[in-house]
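Visitor: I have a structure open and would like to learn how to read it. Where do we begin?

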Amino acid sequence: MGMREWFRVFGWNKERVLFLFHRITGWILTFFIVGHVIFVHEVVYGRGTWNSLLLLDSSILGKILLIIVTASLIFHGINGVRIMLIETGVLLTKPKEQEYPYTVWLTGKRHQIYVLAMGIIGIALTILAGLVILV
């Protein structure tokens with residue numbers, strides 16, 4: 001599956017949108033980890049370099065980037081738990097004979113409740129983290 005497939009969200013299928021956001025947040029976290037390692041490595045160049053990087057970190061742009069990374073981390077973690085629950089069968093419905101018109105297993109009540117709770121908890125944690133970062 002190429003990257004073009006990530007953005008194919010026909011009819012705004014909820015599963016495809018969650019898949020797309022999971023991939024995007026995974027890349028954001030990857031870039032953050034690489035940037036963080038480079039950032040911390042700058043300690044070897046002395047206190048002046050370190051302090052100039054801390055100024056960037058405490059700027060409004062640095063805080064906005066940190067909020068984006070935090071929101072990505074929260075979404076990626078909660079959605080990762082959802083994927084694990086699907087793979088272990090917790091969020092799946094009982095199998096039954098398929099009849100036309102076919103129904104999608106993602107419309108199961110447990111899955112819908114989890115996605116709703118995931119959205120509410122994710123938004124609340126992101127707002128809380130944003131307040132902590134900005135204050």
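**Reading the core, the rings and the pocket**

Guide: With the core. The largest nonpolar core has nine residues: Leu-18, Ile-74, Phe-75, Ile-78, Ile-86, Leu-91, Tyr-114, Val-115 and Met-118. The largest share, four residues, comes from α4. Keep in mind that this is a predicted model.

Visitor: What is the general idea behind looking for such a core?

Guide: In soluble globular proteins, nonpolar side chains tend to be buried together.

Visitor: Now the rings. How is a ring pair described?

Guide: A pair of aromatic rings is described by the distance of the centres and the angle of the planes. Here the count comes to three aromatic pairs. One of them joins Phe-21 and Phe-75. Their ring centres are 6.1 Å apart and their planes stand at 85 degrees.

Visitor: Why is the pair of Phe-21 and Phe-75 called edge-to-face?

Guide: Check the angle. Planes over 60 degrees apart count as edge-to-face, and this pair has 85 degrees, so the label applies.

Visitor: Which helices hold Phe-21 and Phe-75?

Guide: Phe-21 lies in helix α2 (residues 14–41) and Phe-75 in helix α4, so the pair ties together parts that are 54 residues apart in sequence.

Visitor: And how is the accessibility of Phe-21 read?

Guide: Phe-21 has a relative accessible area of 41%. That value falls between the 20% and 50% cut-offs, so Phe-21 is partly exposed. Phe-75, its ring partner, belongs to the largest nonpolar core.

Visitor: Last, the pocket. What is the volume of the largest pocket, and how many residues line it?

Guide: Read the volume, then the lining. The volume is about 440 Å³. The lining has 15 residues, of which Phe-32, Phe-39, Asp-57, Gly-62 and Leu-65 lie nearest the pocket centre. Helices α2, α3 (47–58) and α4 each supply at least two residues of this lining.

Visitor: How do the lining residues divide by type?

Guide: Eleven are nonpolar, three polar and one charged.

Conventions:
Residues numbered from 1 in each chain as written. Predicted model: local features only at pLDDT ≥ 70, side-chain atom pairs only at ≥ 80, totals over all residues. Heavy atoms only, no water. Core = buried A, V, L, I, M, F, W, Y, C linked by side-chain atoms within 4.5 Å. Buried < 20%, exposed > 50% of the residue type's maximum accessible area, 1.4 Å probe, protein only. Phe/Tyr/Trp six-rings, centres within 6.5 Å; stacked < 30°, edge-to-face > 60°. 1 Å grid on protein atoms, 1.4 Å probe; cavity = no way out; pocket = protein on both sides within 12 Å on 5 of 7 lines; lining within 4 Å. Points joined across faces, edges and corners; volume = space filled by probe spheres on them. Nonpolar A, V, L, I, M, F, W, Y, C, P; charged D, E, K, R; others polar.
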